[in-house]
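Subject: Handing over a structure

Dear colleague,

Please find below the structure that I am passing on to you, followed by some notes on what was found in it.

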Amino acid sequence: IGQEVLKALKEEISELEYNRYIRHLSYDIKKSTGDAAIFYAPNALVVNWIKNKYREKIAHLFEIKNGSKVNIKITLKNTIEKRKTKKNVEVKQNSSLLNPSHSFDNFMVGGSNQFAYAAVKSVSENAGKVYNPLFIYGGVGLGKTHLMQAAGNVFQNEGKVVIYTTVEQFLNDFIRHVRNKTMERFQEKYRKCDVLLIDDIQFLSNKEGIQEEFFHTFEALKGAGKQIILTADKHPKKIGGLEARLQSRFEWGLVADIQPPELETKIAIIKKKCEINKVKLSEDIVNYIATVIDSNVREIEGILSKLHAYSQLMHVDIDLDFTKNVLKDQMNENRANLTMETITQIVAKDLNIKPSEIRSKGRSKNIVYARRISIYICRELTQNTMPQLAQYFGMKDHTAISHTIKKINSLIKDDEDFKVKIDELTNKITSSS
Ligand code: ADP
Ligand code: MG
């Protein structure tokens, strides 16, 4: 069946796509069973590419041929390679989860991140002595985690005990210890480390229990002169739902921001990533990517690995036309996954109301506010037409939608805070998919 499915897929996609990707897939008849089909791809990048782009199609075709749902597995062909990646994952999980390639050397510095870079670097050379805590904030994909872990790696290489955690992991750990009645162990663990790195601290917002616990951890570490580094997507003052004593402590040391990279920095980052991933790109392609991608550096990485996958498969250099196609693909992909429902949910959560209220006829101020924002973002990020938006949000007709969008546009122009809010939400939504 696997072979037949691949043949059927060939009919559905362009010859170019088939030759580039699907042709390299092989079906494992022996290992596949009635409810699991196993395919091999030549390298990890192709595995990802196929998983993202074709897995659903393959599953669908299987279901048609097979009559029942089949779990599609796409894995690496080379077992040695497979073993290697598996081992890496294990090592990662055992250590404190620091990514070794997040180093200062691999971090490109420009006007946008100079201040944060200098602050983290200085802390990495003077643990607990200069800025404590160090608080780094900025938008998605601008390098906060990278910088924080760069310091972590320095400390770890010096033999210090480093804990790197996200608020979510910290919270889960806390809950587990409460449940097992082993809170002393939890406290010991977090208070006995030399360096504590907590990522995305904005998620402490409105979680009183963990804020209380974190406060005591903070006091103990700070009192003992242990270094604390925190990151967030906004300034401590702007994180709502935070105890005053925590908010003020976050500003005790140094608060440093990271701004979106300017063109030269983006170019430097792309070149660095090419060097690390052994991708060869000409100057005009590097410049093209840097101009098209607006700020999220993570997106740059996705594009590079796609370009890389292609050049490896075809044994050719990457040209500008192909780059343009991959970029278009990427943008469409990011957006195709976004539905009005997802957007409404994220907006509702952010503004503390129910998604159903946004779609209701409710006229109270905060509901109208949330509805307008949702409509605006849906218009920006999805392909839905004005009548479709009107129907979804229970508005009279397309003129009501166009009126709303005009209103939001003028608010964005006049109110810097509002613009930041919209950007933040848009960021949150696009990075959720
Ligand atoms: P954030 O935590 O701010 O969302 P990350 O630290 O996860 O962002 O960065 C996203 C990706 O971009 C990472 O792979 C990181 O290595 C890369 N990156 C971001 N800024 C830089 C930079 N200035 N130089 C090199 N790589 C960068
Ligand atoms: Mg991060």
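Two residues are said to be in contact if their C-beta atoms, placed from the backbone, lie within 7 Å. On that basis, residues 24 or more positions apart account for 71% of the contacts in the chain with a separation of 6 or more. Please keep in mind throughout that this is a predicted model.

To begin with the chain as a whole, its secondary structure comes to 21 helices and eight strands, and of its 433 residues 29% count as buried.

Three of the strands form an open sheet with mixed pairing, in the order β1-β2-β3. Within this sheet, β1 (26-27) and β3 (71-76) stand at the edges and have a single partner strand each, so one side of each is left without a neighbour. Strand β1 runs antiparallel to β2 (residues 36-41), to which two bridges join it, and Y27 stands opposite F39 in β2.

The next part concerns ligand 1, which is surrounded by 17 residues, the closest being G143, K144, T145, H146 and V297. The elements that give two or more residues to this shell are α7 (144-157), α12 (263-277) and α14 (297-314). Because domain 2 (114-258) and domain 3 (263-329) both give residues to the shell, ligand 1 lies between them. The UniProt record, an unreviewed entry, places the feature "binding site" at G141, G143, K144 and T145.

Two of these residues can be described further.

T145, for its part, lies in helix α7, and with 20 C-beta neighbours inside 10 Å it counts as buried. Not counting residues up to four places away in sequence, T145 touches D199 and T231.

Methods: Residues numbered from 1 in each chain as written. Chains lettered and ligands numbered in written order. Predicted model: local features only at pLDDT ≥ 70, side-chain atom pairs only at ≥ 80, totals over all residues. Near = placed C-beta within 6 Å. Helix = DSSP H or I, 4+ residues; strand = E, 2+ residues; numbered from the N terminus. Domains from an automatic or database assignment. UniProt positions renumbered as here; feature names shortened; annotations may be inferred. Buried ≥ 20, exposed ≤ 12 C-beta atoms within 10 Å, placed from the backbone. Pairing = 2+ DSSP bridges.
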